[in-house]
Amino acid sequence: MKPRDRLRIAVQKSGRLSEVSQDLLARCGLKFRHSRDKLFCFGESLAIDLLLVRDDDIPGLIADGVCDLGIVGRNVLAEQQAALQSREAVVPFRELLPLGFGRCRLSIAIPQELDYAEPSSLQGLRIATTYPALTAQWLQQAGVTAKVVVLSGSVEIAPKLGTADAICDLVSSGATLQANQLREVAGILDSEAVLAAAPGLPPDERGELQELLLRRIEGVIQVRE
Ligand code: PRP
Ligand code: ZN
Ligand code: MG
């Protein structure tokens, strides 16, 4: 890894968190010059640059030292953390600060006509999800044996297609569940956008920049509340 003296933050390129994340940084007084491909934004007011990426890549970019910070859903961090823990590997990133936007929950949902009393109602079922590690962890803690079917998207149509009996997916307004005649029966994780970072503070100027940015973010959040 080349040494860097500028702090680098990863944010979602397109999706639910992308605009709000960039708004938050703008309110912190950060101004950026966009590159032509719009993937890298050079910070003009402070030595803080932006990298626009897929949200699932953010924990890995922090782990590899490509970025110092990231704005990402707790759900993404928690899934990758659970996957690492299940292999007894170290978790090279952490949640620094909850940001108060992008609130949603990771929940188990089942077809409306299916009975549910408690987690054991899921015994022997197939559960489709993009969050296999968190789903498996929750099932194990509940003492339930079920098959986790990993899908990369459109999880909500799996029960209709017959590829799964239930799903474990993010719920925000509930519109997706309703449109697919599914009902939420158990919450696995409460999520929102968070500021993620490597375990330690960068040992150089970036450390001071990180602390400065953290204070400004806290200030912006306080004003909003
Ligand atoms: C999430 C989730 C659901 C939907 C839930 O998908 O996977 O499909 O949002 O939100 P709702 O309760 O307000 O309907 P998202 O649109 O973030 O995109 P993705 O599934 O492609 O990642
Ligand atoms: Zn994603
Ligand atoms: Mg979806």
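Mentor: Two strands pair if DSSP finds at least two bridges between them. Keep that in mind here; the model is predicted.

Trainee: In which sense do β8 and β10 pair, and over how many bridges?

Mentor: Strand β8 (residues 126-129) runs parallel to strand β10 (residues 166-171), with three bridges between them. Ala128 has Ile167 as its bridge partner in β10.

Trainee: What is the strand order of the open sheet?

Mentor: The order is β9-β8-β10-β7-β11, five strands with mixed pairing. β9 (147-150) and β11 (182-191) each have a single partner strand, so one side of each lacks a neighbour in the sheet. From one strand to the next, the twist averages 30°.

Trainee: At what angle do α3 and α4 pack?

Mentor: Angles of 65 to 115 degrees count as roughly perpendicular. Helix α3 (residues 74-86) packs on helix α4 (residues 132-142) at about 65°, with the axes 7 Å apart. That angle makes α3 roughly perpendicular to α4. The crossing of α3 past α4 is left-handed.

Trainee: Which residues make the contact?

Mentor: From α3 come Ala78, Glu79, Ala82, Ala83 and Ser86; from α4 come Ala133, Leu134 and Gln137. By class, this contact has five nonpolar residues, two polar and one charged.

Note on methods: Residues numbered from 1 in each chain as written. Chains lettered and ligands numbered in written order. Predicted model: local features only at pLDDT ≥ 70, side-chain atom pairs only at ≥ 80, totals over all residues. Axes fitted to C-alpha atoms, helices over the stretch in contact; angles between N-to-C directions. Helix = DSSP H or I, 4+ residues; strand = E, 2+ residues; numbered from the N terminus. Parallel < 35°, antiparallel > 145°, perpendicular 65-115°, else oblique. Left-handed = near helix turned anticlockwise from the far one by under 90°. Contact = placed C-beta atoms within 7 Å. Nonpolar A, V, L, I, M, F, W, Y, C, P; charged D, E, K, R; others polar.
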